[in-house]
Amino acid sequence: MRSLPGVALVFALVTALGVVAGCSTNAVAKPADEEIFPIGSKNLAPNTIVDIPMSASPLEIDKMTFFPEGLSVAVGDVPAEVITQPIAFPHSKHAKDMGMDCQYCHSGARKGQHAGVPPTQVCMGCHNVVASDGRPELEKLKAFWADGKGDPIPWVKVHDLPDFVYFNHKRHVLGGVQCQECHGQVQEMGVDQRVASLKMGWCLDCHAQHALDDSYGTQQELRRSELKDCWTCHK
Ligand code: HEC
Ligand code: HEC
Ligand code: HEC
Ligand code: HEC
Ligand code: HEC
């Protein structure tokens, strides 16, 4: 778990930059942002105050996301690490071949903050009657069930945001954002892998463009600005 890397300090700085925007610019912005702003957040202030650093390579600029207001933030890369699990659970067999709904197993997704991973009991509802002979992954599943006496299978986390970020599944799922928009074509995957960087620029990019529910009516633009507000994700 990572801790809060001075988010409060950045809030203070961004506010301060706003206040002095009219008068002296470089003197305030440059020295501070080089040292204090963590990578990925140093271009948060409007471009009219802090330009893209001269040293930025075209590759870095390509990985930033730009907003009409002049905000730019790093989008990041998808990690190259390949994740393995205690049991090679194939999403494709269940969610595609058998056509199971994602929320049969991840029932928290429309109800709260966490989508959740199902307890072994959910698996055994079927696997008690699916033959496991000669299938090592299913033998492992049965062994966990028999030995563990209810202990959860130690699944490795694929997605893990830092603690200082607030994320909620319910608002996204009820707001019409599909699982696949954030998690990729999971129903085609063997062991689940990440397809998104989970960096701030990734969140903001979608918040700037995604269709919003019609029920917002004339409040859509207001909602749009709320989705870019620091306090929406850092509270
Ligand atoms: C039969 C139950 C089952 C179904 C159906 C299912 N999943 Fe999963 N899912 C799991 C299990 C078990 C894990 C933990 C192992 C892993 O990460 O592969 C998991 C992991 C995940 C993860 C990674 C969680 C993490 O650690 O960050 C995502 C994302 C995910 N599922 C999305 C989906 C989506 C999208 C669908 C529908 C297309 C779906 N799942 C259908 C059981 C299921
Ligand atoms: C709705 C019933 C159902 C549920 C719930 C279910 N499975 Fe399955 N699963 C199956 C069936 C049926 C197969 C076999 C498909 C086949 O014959 O190829 C299977 C296949 C598998 C396989 C692949 C076996 C192999 O060697 O090909 C694994 C691993 C597995 N399941 C693990 C799990 C885990 C872990 C869970 C709980 C998170 C789970 N299943 C939940 C029905 C289910
Ligand atoms: C807007 C993007 C987005 C959408 C849409 C989304 N997820 Fe997630 N999901 C995430 C993020 C980000 C995390 C990491 C959360 C954390 O670390 O706190 C995550 C984590 C998970 C996990 C790991 C366990 C957990 O709850 O943290 C599972 C399982 C999962 N998602 C399944 C789903 C399923 C199934 C759907 C569709 C019903 C879905 N997600 C829709 C972004 C999304
Ligand atoms: C694929 C598009 C997409 C991505 C990626 C995405 N979001 Fe969202 N998010 C939305 C939409 C659309 C809404 C508005 C839903 C509504 O109001 O109905 C929303 C709403 C929110 C809200 C408001 C919830 C509330 O209670 O008002 C928060 C917080 C949030 N997102 C955090 C995040 C974070 C953090 C990330 C990145 C880790 C992220 N989102 C990535 C589309 C996305
Ligand atoms: C839509 C959600 C969202 C909004 C809005 C948002 N952030 Fe973030 N922020 C994130 C996420 C996700 C991360 C974690 C990214 C990572 O792991 O590097 C993050 C990380 C950060 C960090 C740490 C950077 C690092 O590299 O460790 C700072 C500082 C920060 N945000 C400040 C802000 C400020 C200031 C604002 C308002 C201008 C803001 N954020 C608005 C989602 C958001």
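1. Gly 175 lies in the loop that runs between α8 and α9, where helices (H or I, at least four residues) and strands (E, at least two) are DSSP runs numbered from the N terminus. Gly 175 is partly exposed because 14 other C-beta atoms lie within 10 Å; on this scale a residue is buried if 20 or more other C-beta atoms lie within 10 Å of its own, exposed if 12 or fewer, and partly exposed in between, with C-beta atoms placed from the backbone. Between Gly 175 and Arg 110, which are 65 residues apart in sequence, the C-alpha to C-alpha distance is 9.8 Å.

2. On provenance and numbering: this is a predicted model, in which local features need pLDDT of at least 70 and side-chain atom pairs count only at pLDDT 80 or more, while totals for chains, interfaces and linings use all residues. Residues are numbered from 1 along each chain as its sequence is written, and chains are lettered from A and ligands numbered from 1 in the order in which they are written.

3. On confidence, where pLDDT is the predictor's confidence in each residue, from 0 to 100, the chain has a mean of 78, and 68% of its residues reach 70 or more. Confidence in the chain is lowest in helix α2 (residues 26–35), at a mean of 36, and highest in α4, at 97. Over residues 1–52 pLDDT stays under 50, and for this stretch the model has 49 contacts beyond four places in sequence, a contact being a pair of residues whose C-beta atoms, placed from the backbone, lie within 7 Å. Where pLDDT is low, the predicted coordinates should not be read in detail.

4. As to the overall architecture, the chain comprises twelve helices and two strands, and from the N terminus on its elements follow the order α-α-α-β-β-α-α-α-α-α-α-α-α-α. Of its 235 residues, 9% count as buried. Among contacts between residues at least 6 apart in sequence, 65% join residues at least 24 apart.

5. Which residues are the closest to ligand 2? They are Phe 89, Cys 123, Cys 126, Arg 135 and Glu 137, within a shell of 19 residues, a residue being counted if its C-beta atom, placed from the backbone, lies within 6 Å of the molecule. The elements that give two or more residues to this shell are α4 (91–97), α6 (120–127) and α7 (136–148), and α6 gives the most, with five residues. By class the shell around ligand 2 has 13 nonpolar, three polar and three charged residues, with Ala, Val, Leu, Ile, Met, Phe, Trp, Tyr, Cys and Pro counted as nonpolar, Asp, Glu, Lys and Arg as charged, and the others, Gly among them, as polar.

6. Ligand 3 is surrounded by 21 residues, of which the closest are His 114, Ala 115, His 159, Cys 179 and Cys 182. At least two residues of this shell come from each of α5 (102–105), α8 (169–174) and α9, and the largest share, four residues, is that of α9. The shell around ligand 3 divides into eleven nonpolar, eight polar and two charged residues.

7. His 114, one of the residues closest to ligand 3, sits in the loop between α5 and α6, and it counts as partly exposed because it has 13 C-beta neighbours inside 10 Å. Leaving aside neighbours within four places in sequence, His 114 is in contact with Gly 108 and His 169, and its C-alpha lies 8.0 Å from that of Lys 170, 56 residues apart in sequence.

8. His 183 belongs to helix α9 and is partly exposed, because 19 C-beta neighbours fall inside 10 Å. His 183 and Gln 193 are ten residues apart in sequence and 8.3 Å apart in space, C-alpha to C-alpha.

9. Most residues other than glycine have a negative phi. Leu 198 is found in the loop between α9 (179–183) and α10 (200–209), and with 17 C-beta neighbours inside 10 Å it counts as partly exposed.

10. In α10 the buried residues are Met 200, Gly 201 and Cys 203. They lie on the same side of α10 because they cover an arc of only 155° around the axis, the arc being that of the directions from the helix axis to the C-beta atoms.

11. Val 156, in the loop between α7 and α8, is exposed because 11 other C-beta atoms lie within 10 Å. Not counting residues up to four places away in sequence, Val 156 touches Ile 83 and Gln 85, while 7.9 Å separates its C-alpha atom from that of Pro 86, 70 residues apart along the chain.

Technical notes
Contact = placed C-beta atoms within 7 Å.
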